[in-house]
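Visitor: I have a new model on my screen. Please show me how to read it, feature by feature.

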Amino acid sequence: MPKVSDDRLAARRREILDGARHCFAEYGYDGATVKRIEESTGLSRGAIFHHYRDKEALFLALAHEDAERMADVAAEEGLVQVMRDMLTRPEDFDWLGTRLEIARKLRTDNSFRAEWTARSAELEQATLRRLERGRQAGRLRDDVPTEVLVKYLDLVLDGLITRLASGQPTADLHAVLDLVEESVRAKD
């Protein structure tokens, strides 16, 4: 039996994740049945679950991937820029519905909460490091602990995601993000 290359395995995982992301975003976690995931990916149950233990492991892989992507942008450009990108290019953020499902599962599933908490620490650390650099450079306010600023920005992000994923109007949100950005900047 020929050995499958690492590149081919990675391509298959990418194929599964892309199809599953679409399925979770469209149907939610509970509605994304194995049958629907098969249809969305174009792969059999065996092919999917050869790479992922079960539906929850697949969902966590997506959630982790999204957190990593956001952490990269947050580390380079800041969390407010991540939010601006969401408003400007919503088509690049096909995981917004998945993020709502994460919030629901965090509330109802203790094992998922523990796994997610461990994995989402990357985004929080990237944001914290960036804010610390901004504070040291004199660009951010220093009258509030950096950890509080991270939580503040995370709450704004959650609200923005909820608004976008639920199809609410976004016309005034650029001005809201201007206000958020101004609220964390050092005063002259």
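Predicted model: local features only at pLDDT ≥ 70, side-chain atom pairs only at ≥ 80, totals over all residues.

Visitor: Which helix gives the most residues to the negative patch?

Guide: Helix H4, spanning residues 55–77, does; it supplies four residues. Take Glu 76, which sits in helix H4.

Visitor: Is Glu 76 buried or exposed?

Guide: The cut-off for exposed is over 50% relative accessible area. Glu 76 has 61% relative accessibility, so Glu 76 counts as exposed.

Visitor: Now the fold. How many helices and strands does the protein chain have?

Guide: Nine helices and zero strands. Read from the N terminus, the order of elements is α-α-α-α-α-α-α-α-α. A box of roughly 65 × 35 × 30 Å along the principal axes holds the C-alpha atoms of the protein chain.

Visitor: What share of the protein chain is buried?

Guide: The cut-off for buried is under 20% relative accessible area. Of the 188 residues in the protein chain, 41% are buried.

Visitor: Which part of the chain shows burial within one helix, and how many of the residues of helix H5 are buried?

Guide: Helix H5 covers residues 79–88 and is mostly covered, with eight of its 10 residues buried. The buried set includes Leu 79, Val 80, Val 82 and Met 83.

Visitor: Let me try one. Which residue forms a salt bridge with Arg 21?

Guide: Glu 65 does, and the closest N and O atoms of the two are 2.7 Å apart. This pair links distant parts of the chain: Arg 21 lies in helix H1 (residues 6–31) and Glu 65 in helix H4, 44 residues apart.

Visitor: Are Arg 21 and Glu 65 buried or exposed?

Guide: Arg 21 has a relative accessible area of 3%, so Arg 21 is buried. Glu 65 is at 16% relative accessibility, and therefore counts as buried.

Visitor: What about Glu 181 and Arg 185?

Guide: Glu 181 and Arg 185 form a salt bridge, with the closest N and O atoms 3.2 Å apart. Glu 181 counts as partly exposed because its relative accessibility is 24%. Arg 185 is partly exposed, at 35% relative accessible area.

Visitor: Which residues do salt bridges with shared partners join into one network?

Guide: Arg 14, Asp 18, Arg 21 and Glu 65.

Visitor: Last, the record. Where does UniProt place the "DNA-binding region"?

Guide: The unreviewed UniProt entry places that feature at residues 33–52. Treat the label with care, since such annotations may be inferred rather than shown by experiment. In the model, residues 33–52 are 75% helix and 0% strand, and the C-alpha atoms at the ends are 15 Å apart.

Visitor: What joins the side chains of Arg 45 and Glu 38?

Guide: A salt bridge, at 3.9 Å from N to O. Arg 45 counts as partly exposed, at 45% relative accessibility. Glu 38 is at 18%, so Glu 38 counts as buried.

How values were computed
Residues numbered from 1 in each chain as written. Heavy atoms only, no water. Helix = DSSP H or I, 4+ residues; strand = E, 2+ residues; numbered from the N terminus. Buried < 20%, exposed > 50% of the residue type's maximum accessible area, 1.4 Å probe, protein only. Salt bridge = Lys/Arg side-chain N within 4 Å of Asp/Glu carboxyl O.
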